[in-house]
Amino acid sequence: MNKINKDIKDQFDFFTELVSTDKIVLSKTIILEPKKSNVKWLTGQSNVQHQTISEDIIFFVERSKRDSKYGIKLRCSSFTKEPFFRFDSDGPAHRNDFPNIPLEEQSVTTPHFNSYKEDGKPIAYKNETLRKESEAKIISEDINFGVSLFCMETNSKLTNGEFPEIVDKAPEMEFNQVQSINFDNITFE
């Protein structure tokens with residue numbers, strides 16, 4: 001967790017501008033489709049228009065097919081290979097191992113945001129909403145609430161000021177009864 005991102009360390013002002021300045025998510029609806037590299041996940045994305053930066057920025061959303069676990073990422077691959085800002089709805093706690101953070105505050109449970117400090121070290125944190133257990137539970141279970149919170153945290157929105165909607169277009173599995181079994185003539189001992 002504490003691997004330094006050299007790109008962010010060397011261009012921290014650019015990173016701060018990427019995160020904090022207004023951004024427009026260009027797709028009103030982000031459709032989740034099967035992820036090619038992992039059959040257990042769905043993924044969708046939208047291009048993002050930044051108010052002051054002309055680099056290509058992508059808004060990614062991923063959701064597990066098995067449960068309500070999901071993640072949201074902002075990526076600017078011309079700047080750094082890793083997403084520069086993330087949200088995890090579920091999963092293991094992250095440890096912020098920094099000398100100025102008290103030991104009891106170093107472990108950050110999910111849901112939480114993932115960002116970077118000026119030295120390029122990653123840091124997990126909860127904003128005011130995620131610190132409220134009842135609100136954090138709702139956000140961790142509803143991907144569209146999570147997207148809204150992520151967008152507010154990163155100053156991202158649609159042109160009308162609203163937030164993109166996540167739609168799951170994965171084919172649902174159909175269970176058809178193929179053969180009926182008659183247990184009347186079977187003796188169980």
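Author: Two strands pair if DSSP finds at least two bridges between them, while helices (H or I, at least four residues) and strands (E, at least two) are themselves DSSP runs, numbered from the N terminus. You are looking at a predicted model, in which local features need pLDDT of at least 70, side-chain atom pairs count only at pLDDT 80 or more, and totals for chains, interfaces and linings use all residues. Residues are numbered from 1 along each chain as its sequence is written, and side-chain values use heavy atoms, with hydrogens and water left out.

Reader: Thanks! How many bridges join β4 to β5?

Author: Let's follow the chain through β4. A hairpin of 6 residues leads from β3 to β4, and another, of 5 residues, leads from β4 to β5. Glu-62 stands opposite Gly-71 in β5. The strands β4 and β5 run antiparallel, and the number of bridges joining them is 6.

Reader: And on the β3 side, which residue of β4 is the bridge partner of Gln-45?

Author: Strand β3 covers residues 38-50 and runs antiparallel to β4, with 8 bridges between them. Within β4, Gln-45 has as its bridge partner Phe-60.

Reader: How many residues of β4 are buried?

Author: Buried means under 20% relative accessible area (exposed is over 50%, partly exposed in between; 1.4 Å probe, protein chains only). In a regular strand, side chains alternate between the two faces of the sheet. On one side of β4, Ile-57, Phe-59, Val-61 and Arg-63 are buried, and on the other Ile-58, Phe-60, Glu-62 and Ser-64 are too. The count for this strand, residues 57-64, is therefore 8 of 8.

Reader: Which residues have the most contacts inside the largest nonpolar core?

Author: A nonpolar core is a set of buried Ala, Val, Leu, Ile, Met, Phe, Trp, Tyr and Cys residues joined through side-chain atoms within 4.5 Å. The largest one has 34 residues, and the largest share of this core, 5 residues, comes from α5. Phe-84 touches, among others, Ile-8, Phe-15, Ile-57 and Leu-74 (contact: heavy atoms within 4.5 Å). The residues with the most contacts inside the core are Phe-59, Val-61 and Phe-84.

Reader: Are the rings of Tyr-70 and Phe-87 stacked, edge-to-face or tilted?

Author: Rings of Phe, Tyr and Trp (its six-membered ring) pair if their centres lie within 6.5 Å, and planes under 30 degrees apart count as stacked, over 60 as edge-to-face and the rest as tilted. Among the 10 aromatic pairs of the structure, this one has ring centres 5.8 Å apart and planes at 35 degrees, so the pair is tilted.

Reader: How many residues apart in sequence are the parts that this pair of Tyr-70 and Phe-87 ties together?

Author: Both Tyr-70 and Phe-87 are buried. Tyr-70 lies in β5 (residues 70-75) and Phe-87 in β6 (residues 85-88), so the parts tied together are apart in sequence by 17 residues.

Reader: What is the length of the polar contact between the side chains of His-94 and Asn-114?

Author: His-94 sits in strand β7, residues 94-95, and counts as buried because its relative accessibility is 13%. A polar contact is a pair of N or O atoms within 3.5 Å; within protein, one must be able to donate a hydrogen and the other to accept it, and residues adjacent in sequence count only if both atoms are side-chain atoms. The side chain of His-94 has such a contact with that of His-112, at 3.5 Å. With the side chain of Asn-114, the contact of His-94 is 3.0 Å.

Definitions and conventions
Lists of a residue's contacts leave out its neighbours within four places in sequence.
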